[in-house]
Amino acid sequence: MPLGEVGRAYAWPVGTVLVIGLARSGRAAVSALRASGSDVVAFDSDSGLDSTGIDADVRLADWDDALLDGVALVVKSPGVPSTAEPVSAARSQGIEVISEIELGVRLLPNPLIGVTGTNGKTTTAALLGAILVAADVPAEVAGNIGRPLTSLVGAVEPDAWIVCELSSFQLEDVVTLRPRVAVLTNLEPDHLDRHGTYDAYASAKLRVFECQRDDDVAVVPRGFGEVPGDARRVEFAADDPLPAEPRIRGAHNRENAAAATAAARAIGVPDAAVAAALETFLGVEHRIEDVATIAGVLYVNDSKATNAAAALRALASFPGRRKHVILGGRGKAESYDGLAAAFEPGDRAYLIGEAATEIGAALDAAGLPYTRAGALDRALSEAAAAASEGDVVLLSPACASFDQFTSFEHRGEEFRRLVQKLPGWGLHDARTGASSSSGC
């Protein structure tokens, strides 16, 4: 590959490492640290958490500043905000706080392609992984896509490329992250409930470019403003000529394909391999994923649409077809007016979760019909009863899942389970041939 080799050197501080947050990323960070010889204390405020298999001094209780005694470094899971008491206490004592991603960067020598953005980053990262496989380039896909970056420590050859999907939460506390290729799919308001303002959210996203040098590549949407860092700039757009047309539907996915193609070309992947991947890649789970066609009605799982902009892309993927759209969950302090304006005549919404009242107000203002279903099972039942041949029943919530589910994956899996219980499931037309590949 034409880009130069990656070389990193980092002197570890002397003392204990404290890992805060013991979900998937935190557990992987503990394992990576222990494999590297560090003493580790692992903290989570959930006293009922199952700590089986965590190789550390595990503390499950309310926070106590005494946990910082002897600590030289804090590793923060992405679900832990920078304003959390343990993080504030560490910083007040002059202890460095880094993200799980930053820990992975310090422990892994591999060249990295970083993919971030408001929407499309999972699809773009997974597609890039498929392109590299098609080109016979050793590669792993990790990060926000569901596989922690630190889980690769000791499990991947040092010359393999890592495609790393990066959320704004993961980018909050990076210091030395330097992707050889950094991709920004798009930038729209999201996670304002955590970041407070769009500018703060955008600033977190753009940190992916900060440490890039002049022999790195920054892949950005055509016409996007300046980004930090010194990388060579490459732009993309949905109407770019591509080596092949992508199999996955929607104008937004052609844009994702253009971003992935630009990134692949930047590291020297031949167009033949890009074309092979574009023509065969089926998409990722929970993102405009065809679940079934029952009695001529298409059921689509778009549980990963956790903001209004993502739901807009899903609505635009089915032009001219009557849509029964399941919306709601935990809101992110954003407007739903634009989403309401995207409904076509005949479409109907079915509202669930905490944000139902707020979404209902936007639909009322637009004069659109909807049903307050409350829960997913009732929403699907009512949507299925109202749907006719040729219609689409679309779960595209435009909200986070944490009011009624443990994750967007949990929500999407429950939607699939409920669809499979509908009358007609199991007949010759029930399972679509376009079910997605695993990617989340």
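1. At 31% relative accessibility, Arg249 is partly exposed (20% to 50%; buried is under 20% and exposed over 50%, 1.4 Å probe, protein chains only). Arg249 pairs with Asp290 in a salt bridge, with closest N and O atoms 2.8 Å apart (Lys or Arg side-chain nitrogen within 4 Å of an Asp or Glu carboxyl oxygen). The two residues are 41 apart: Arg249 is in the loop between S11 and H8, and Asp290 is in strand S12 (residues 289–294) (DSSP runs from the N terminus: helices H or I, at least four residues; strands E, at least two). Asp290 is buried at 8%.

2. The model is predicted: local features need pLDDT of at least 70 and side-chain atom pairs 80 or more, whereas totals for chains, interfaces and linings use all residues. Residues are numbered from 1 along each chain, and side-chain values use heavy atoms, without hydrogens or water.

3. The structure holds 31 salt bridges. One of them joins Arg222 and Asp240 at 2.2 Å, N to O. Arg222 is partly exposed at 46%, while Asp240 is buried at 12%.

4. Glu344 and Lys323 also form a salt bridge, at 2.8 Å. Glu344 lies in the loop between H11 (337–341) and S15 (348–352) and Lys323 in S14 (residues 323–328), so this pair ties together parts 21 residues apart in sequence. Lys323 is buried at 1%, whereas Glu344 is partly exposed at 29%.

5. A network of salt bridges links Lys76, Arg91, Glu172, Asp173 and Arg194.

6. Lys121 is buried without a salt bridge; the nearest oppositely charged side chain, Glu165, is 4.3 Å away (Lys and Arg positive, Asp and Glu negative; His and chain ends not counted).
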